[in-house]
Amino acid sequence: MHFKVESAINQSILNNERHLANPLNHRARKRFGQNFLHDRGVIQRIIQVINPQPGQRLVEIGPGRGAITLPLLEACKRLDVIELDRDLVQPLADQAAGSGELTIHQQDALRFDFTALAGNDRLRVIGNLPYNISTPLLFHLVTHSDVIQDMHFMLQKEVVARMAAQPGGGDYGRLSVMIQYHCKVEPLFRVGPGAFTPAPKVDSAFVRLTPWSAPPVTVTDVDRLAAVVRQAFSQRRKTLRNTLKGLLSEQELRAAGCDPAARAETISLEQFAALANTLTKDR
Ligand code: SAM
C-alpha cells in the first residue's frame, strides 16, 4: 500500500510536539517490537549524526508514531517509510501533512525491495528498529548494500556490540563477520530504556553502517562465505575440524591459514574469506 502526502509548507518540526504525540491513542504492540522514542535530546542527537540534506533519498524503517520521521521529512522534504502496522499509516500521513512529501509503504521491511526503490539513486536507510527482527533485517539489508549509501540504526546494545566485535571474544560471531564484510561499523552512542515508551528491558545503542565501495577482502562467491560462516558458528564450542567436516579437509583448513583445532570465534574475516575461496575452487 502506498500513501502519498505532499505539501510545500515549511515549519520546524523539532519545535513542536506533533511528532511526539500519540495519535488515535494507538496502543504499543509488543509483536511489532514497538518502543516509541520520546526523548527530545536523543531525537535531536539522531538527526544531528544523520545530518539529512535536501535531495538525499532517505528511507525510514518502522516510523511508528513519527518521532524521527517528521524531523527527517522537515530536513529533506521527501521521505519513504516502511511500516508494518497499518493502524499507524493514517496518523503518520496526517502528522506529515504540511511538512513535505511522505511516501508510506505499508509492508514488511524484511521483504522490502530496497534496490527497486533506489532506482538510480543511493539510499540512506534509517530506523529505530523493531528489536525482535533486527538480525534478519540486517542480513536482508546487506543484500541490497550496492544501492545503500549508509544506514543509521537504533538497536539493542548487545546487537551493536556483536556487529562491531573483533575475533577472540564472546560477542564475535556470524553477524560480526557478515556485517563487517559488507560495511564499516561505527557505534555512535548508547541510549537508556527511559528514552522509550514503553521502556524496553534492554539498553540500546545507535550505530552507523557504511557499505564499503570495495569489500575489504576478496571473496569469489558471497553465498559460500555466508555458508562457511554459518556452519563454523553453528556450534561455537567446537573446533573448525568438527564444524566444517564434510565441507573442508584439515589440509584445506591449514592451506587457508586456519588451525583445524581453532574455534570459529578466533577466525578473522580474511581467514573466512580464504576458507570460502577454497570452497569455491573446482574440486
Ligand atoms: N521509529 C519509531 C520511534 O522511534 O518511536 C518507532 C520505533 S519501534 C521500535 C519499531 C517500529 O517498527 C514500529 O513502528 C513497528 O510497527 C515497526 N515494525 C515492526 N516490524 C516491522 C516490519 N517487519 N516492517 C516494517 N516495520 C515494522
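These legends walk through several close-up views of one predicted model. Local features are given where pLDDT is at least 70 and side-chain atom pairs where it is 80 or more, while totals for chains, interfaces and linings use all residues. Residues are numbered from 1 along each chain as its sequence is written, and side-chain values use heavy atoms, with hydrogens and water left out.

**View 1**

Glutamate 60 brings a polar side-chain atom to 3.4 Å from a ligand nitrogen. Glycine 64 uses a polar backbone atom, 3.3 Å from an oxygen of the ligand. With alanine 109, a polar backbone atom sits 2.9 Å from a ligand nitrogen. How much of the ligand does the protein bury? Alone, the ligand exposes 590 Å², and the protein buries 98% of that (areas by the Shrake-Rupley method with a 1.4 Å probe; for residues, only the protein chains shown count as cover).

**View 1. Helix α8 and its buried side.**
Helix α8 spans residues 222-232; helices (H or I, at least four residues) and strands (E, at least two) are DSSP runs, numbered from the N terminus. Leu225, Val228, Val229 and Ala232 are buried here. Buried means under 20% relative accessible area, exposed over 50%, and partly exposed in between (1.4 Å probe, protein chains only). At the start of α8, a side-chain oxygen of aspartate 221 comes within 2.9 Å of the backbone nitrogen of aspartate 223.

**View 2. Helix α5, mostly covered.**
In α5 (residues 134-142), seven of the nine residues are buried. They are Ser134, Leu137, Leu138, Phe139, His140, Leu141 and Val142.

**View 3. Serine 176 in helix α7.**
Serine 176 is part of helix α7 and is buried, with a relative accessible area of 0%. A polar atom of its side chain is 2.6 Å from the backbone oxygen of arginine 162. Neighbours within four places in sequence aside, serine 176 is in contact (heavy atoms within 4.5 Å) with Arg162, Met163, Ala165 and Asp171.

Threonine 197 and proline 198 are joined by a cis peptide bond, with omega about -10°. Proline 198 lies in the loop between β9 (196-197) and β10 (204-211). Asparagine 51, although not a glycine, has a positive phi of about 50°; look for asparagine 51 in the loop between α1 (40-50) and β3 (57-61). Lysine 77 isn't a glycine either, yet its phi is positive at about 75°, and its loop runs between α2 (69-76) and β4 (78-82). Asparagine 51 counts as partly exposed at 45% relative accessibility, and lysine 77 counts as partly exposed at 30%.

Definitions and conventions:
A polar contact is a pair of N or O atoms within 3.5 Å; within protein, one must be able to donate a hydrogen and the other to accept it, and residues adjacent in sequence count only if both atoms are side-chain atoms.
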